[in-house]
Amino acid sequence: MRSEVTTRRTRPRNRRTIILDAAFDAFAHDGYHDTSMAMVAATVGISPGALYRHFDSKQQLLGQCLLAGLDDALARLETAYRRSPADDAVVVELVQVALDRRGLPRLWQLEFRHLHPTDRIAVLVRAARLTEFLRRTLRAQRPELRPADVELLSWATFSVAASPAYHRLELPAPVAARVLVATARAVMAIELPANGTRAAHVRAHWAASDRPGLDRTVRRERILAAAAHLFTDHGFPGVSIDDIGAAVGITGPAVYHYFDSKAQLLDEIVRRHDEWVHLLVSRALSHGRDPGEALRTLTRNFARFGVDEPDLLAITVSQTRYLPAAAERRYRQVRQDGIGRWARMLQTLRPELAPPVARMLIRAVTTVVIEAVRNPRLAGRPDLVEALVAVAERIQAVPLEPARPGK
């Protein structure tokens, strides 16, 4: 009896919080499907049975992780807004929240589909409240903006702040915060082009024969397109071969006439994305008459590619973890090389930028595009390509104080 009393007294009073922190890190690093309750329990140093006394299921645990993280972010943003509603205190705090809890945006974006319906609603409500702080700040600073532009710029600002969630942080946190805050401020100050002002020029830039994406007139390509869409919406583990076949009007087994496995489909989709991005960079470098034109061409074509093929972009963010380890490492390196080449193009025009700073700016650009083309509140804009080009060009031109990373 005495030992039982001793054990009870030494149990941490904040064990639930400790569990949520451990589970948050596990879900953010390994994903929902590759995280087990036993793994979380072992990290905390308790038995799985003890964990189930706090949470009924892994699904409930995921929901509570997200809600706790979002509630903390909301409390911090509300404090900042109340302190200074008319300036960018919210932006500064948002960047700090994103750096303090880098896994939160990734967990929210990638694992939302696994939540219980009740938790999905609760997460959506909180997400709307998060961006509402940005919308209020924008409306206070720029009352002339149309509601649609407030919506786009608030989400673009949020994407800039959240961009480190999807990449390795190369800069010390204080330097990263300064870069991100300056970039977010620049985005909020953008003058967006009038609807359709340059749309005809952009549409003409791609010939019909070499437009990026998938050729949906060929069955193999239709299968790839259907698989990319299903993987994006439901996650790779949640999609069956039968689902893919049904989406293109054939039986599941008939898919095997074109692909050996579902894993091969995913590998082909990721490879296709990386080939197109490599082609976009190479074309910009070879066809640009000067570094400025090359950079503008790449920026515009990447935005066009994102609007045309949002599923191809989304796959590389959310589903590559399901590839074999060697393939995942290979594709990660390909993408890092692409970011590096783009950043070096930027440095040609802005030699004052340290390489990690240039890469951070380019990663912010790609995150803004990827998130915008997947956002149903933005995808219907007829001028989305032009708006994204304006945002991306402003990010790449943001004035920054010279930084010396690591010093």
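Where is the place of L145? L145 sits in the loop between α8 (117-141) and α9 (147-162). Helices here are DSSP runs of H or I with at least four residues, strands are E runs of at least two, and both are numbered from the N terminus. This is a predicted model, in which local features need pLDDT of at least 70, side-chain atom pairs count only at pLDDT 80 or more, and totals for chains, interfaces and linings use all residues. Residues are numbered from 1 along each chain as its sequence is written, and side-chain values use heavy atoms, with hydrogens and water left out.

**Overall fold**

- The protein chain has 20 helices and zero strands.
- Its radius of gyration is 23 Å, close to the 22 Å that the globule rule gives for 407 residues, so the chain is as compact as a globular protein of that length. The radius is taken over C-alpha atoms, and the rule is 2.2 Å times the number of residues to the power 0.38.
- The C-alpha trace spans about 85 × 60 × 40 Å along its principal axes.
- Of the contacts with a separation of 6 or more, 74% join residues 24 or more positions apart. Contact means heavy atoms within 4.5 Å.

**Surface and charge**

- Buried residues make up 54% of the 407 residues. Buried means under 20% relative accessible area, exposed means over 50%, and partly exposed lies in between (1.4 Å probe, protein chains only).
- The protein chain exposes about 18,800 Å², and carbon and sulfur atoms supply 52% of that area. Areas come from the Shrake-Rupley method with a 1.4 Å probe; for residues, only the protein chains shown count as cover.
- There are 58 positive and 45 negative charges, and their mean positions are 4 Å apart. Lys and Arg count as positive, Asp and Glu as negative; His and the chain ends are not counted. Each charge is placed at NZ of Lys, CZ of Arg, CG of Asp or CD of Glu.

**Confidence**

- The average pLDDT is 86, and 90% of the residues score at least 70. pLDDT is the predictor's confidence in each residue, from 0 to 100.

**Buried positions**

- L145 counts as buried, at 15% relative accessibility. Leaving aside neighbours within four places in sequence, L145 contacts L138, V150 and L153. L192 is 47 residues away along the chain, with 9.5 Å between the two C-alpha atoms.
- G63 lies in helix α5 (residues 58-83). Its relative accessible area is 0%, so G63 is buried. Outside four places in sequence, G63 is in contact with L115 and D119. The C-alpha atoms of G63 and I339 are separated by 33 Å.
- V270 belongs to helix α15 (residues 262-287). V270 is buried too, with a relative accessible area of 0%. Not counting residues up to four places away, V270 touches I315, T320, L323, Y331 and R335. R83 is 45 Å from V270, C-alpha to C-alpha.

**A partly exposed position**

- E393 is part of helix α20 (residues 384-397). Its relative accessible area is 26%, so E393 is partly exposed.
- E393 touches R296, T299 and R300, residues up to four places away in sequence not being counted.
- V365 lies 28 residues from E393 in sequence and 8.5 Å in space, C-alpha to C-alpha.
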